Amino acid sequence: MADAHAAANSHEAPPELRHHFADLGAQREASTLAMWLFLVTEVLFFGGMFTAYVVYRSTYRHAFEGASNLLDLTLGAVNTAVLICSSLTMALAVWASGAGRKKATILFLVGTILLGGVFLGIKAVEYTQKFQHHEVPGPHFVVPMDEATHQPLPRQSEMFFSLYFCMTGLHALHMIIGVGLLTWLIVKARRDEFSPRYNTPVDLVGLYWHFVDIVWIFLFPLLYLLGRHTL
Amino acid sequence: MSHGSASSAAPKAYFAVFGALMALTGLTVWASFLHLGVWNTPVALAIAVTKALLVAWIFMHLRHAPKFTWFVAAASLVWLAFLILITTSDYVTRAWLPIYGR
């Protein structure tokens with residue numbers, strides 16, 4: 001009887017199951033672990049920039065505090081909220097796909113894309129302002145005034161903006177890739193590829209999206225909130 | 001990896017974490033205007049670490065993940081600590097010795 005069951009199961013192996021895994025549970029666990037390993041490398045990818053930040057911020061504290069005050073706190077805070085909202089919709093999309101709710105899955109995925117788009121749009125507005133104010137590192141950089149003392153900031157404020165553009169730029173690149181992955185998920189969801197039995201792609205893109213959110217959770221205070229107490 | 005078992009409890013937890021993340025964002029903005037001396041950055045980082053742990057624990061399902069996944073996730077922090085601590089140990093100690101080119 002048990003043998004008959006096993007034989008029947010092997011003939012009716014689910015289409016999502018790759019042949020080198022014993023069952024879908026083992027496949028899901030291996031996929032999740034691999035995604036976490038990738039995220040470890042991502043931590044170190046961003047970690048290099050955070051290390052540069054630690055070194056230069058501790059060396060040029062005053063320049064960093066003054067330059068940080070030139071970032072738009074309102075836009076930064078709104079973007080933080082937008083990204084947290086997108087993490088919520090992403091978590092709900094993972095849940096909905098695991099619960100077999102196709103419409104809700106697509107709705108939450110579309111919502112996550114829209115919120116990601118709002119984030120990138122606000123980021124574009126901020127970048128535009130930085131270009132207009134000559135606060136972009138390079139030949140057109142003009143040493144800005146310290147809003148607290150009304151004296152010119154140290155020259156190293158340019159270093160702050162270099163790190164600002166590298167760190168937020170790399171983060172934005174991850175967001176753009178994330179939006180591409182979410183679009184791919186919507187296509188798959190529309191094709192009924194997800195079920196309570198198998199929603200691993202949604203789960204893994206979710207891990208990626210939440211990781212990108214975590215990076216921003218650290219970028220926001222470290223870039224936008226350095227010198228507010230000096231104002 | 002029990003997704004089905006907590007199917008109705010999961011969204012509730014997500015909304016709770018969402019509320020906490022929003023509140024902590026407000027808190028960190030508010031705290032940044034306080035005159036805490038050297039403590040401004042530690043307070044901001046403590047709030048950020050709390051938010052990151054909430055995201056990892058609930059949104060990223062570490063809560064339900066096998067122990068080995070916890071191990072891998074924690075390993076990222078170990079390597080990050082190596083990267084930052086060993087690099088800064090160089091920068092901090094350079095001024096201690098009168099070495100040319102420091």
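The model is predicted, so local features need a pLDDT of at least 70, side-chain atom pairs count only at pLDDT 80 or more, and totals for chains, interfaces and linings use all residues. Residues are numbered from 1 along each chain as its sequence is written, while chains are lettered from A and ligands numbered from 1 in the order in which they are written.

Confidence was examined first. The predictor gives the complex an ipTM of 0.90 and a pTM of 0.91. The pLDDT is the predictor's confidence in each residue, from 0 to 100. Chain B averages 89, and 89% of its residues score at least 70. Over residues 1-6 of chain B the pLDDT is below 50. This stretch has eight contacts beyond near neighbours in sequence. Two residues are in contact if their C-beta atoms, placed from the backbone, lie within 7 Å.

Chain B has three helices and zero strands. Helices (H or I, at least four residues) and strands (E, at least two) are DSSP runs, numbered from the N terminus. In chain B, confidence is lowest in helix α3 (residues 67-93), at a mean of 93. Helix α2 (residues 40-59) has the highest, at 97.

Helix α1 of chain B covers residues 9-32 and has 24 residues. From its first C-alpha to its last, α1(B) reaches 35 Å, close to the 34 Å expected. The expected span is 1.5 Å times one less than the number of residues.

Buried residues make up 20% of the 102 residues in chain B. A residue is buried if 20 or more other C-beta atoms lie within 10 Å of its own, exposed if 12 or fewer, and partly exposed in between; C-beta atoms are placed from the backbone. The buried residues of α1(B) include B:Tyr14, B:Phe18 and B:Leu21. Their cover includes α4 (73-98) and α7 (200-224) of chain A, together with α2 of chain B.

In the interface, 41 residues of chain B are in contact with 38 residues of chain A. The largest share of the chain B side, 13 residues, comes from α3(B). This side divides into 28 nonpolar, 12 polar and one charged. Ala, Val, Leu, Ile, Met, Phe, Trp, Tyr, Cys and Pro count as nonpolar, Asp, Glu, Lys and Arg as charged, and the others, Gly among them, as polar.

In chain A, A:Leu182 is found in helix α6 (residues 157-190). A:Leu182 is buried because 24 other C-beta atoms lie within 10 Å. Leaving aside neighbours within four places in sequence, A:Leu182 is in contact with A:Leu109, A:Thr112, A:Ile113 and A:Val205.
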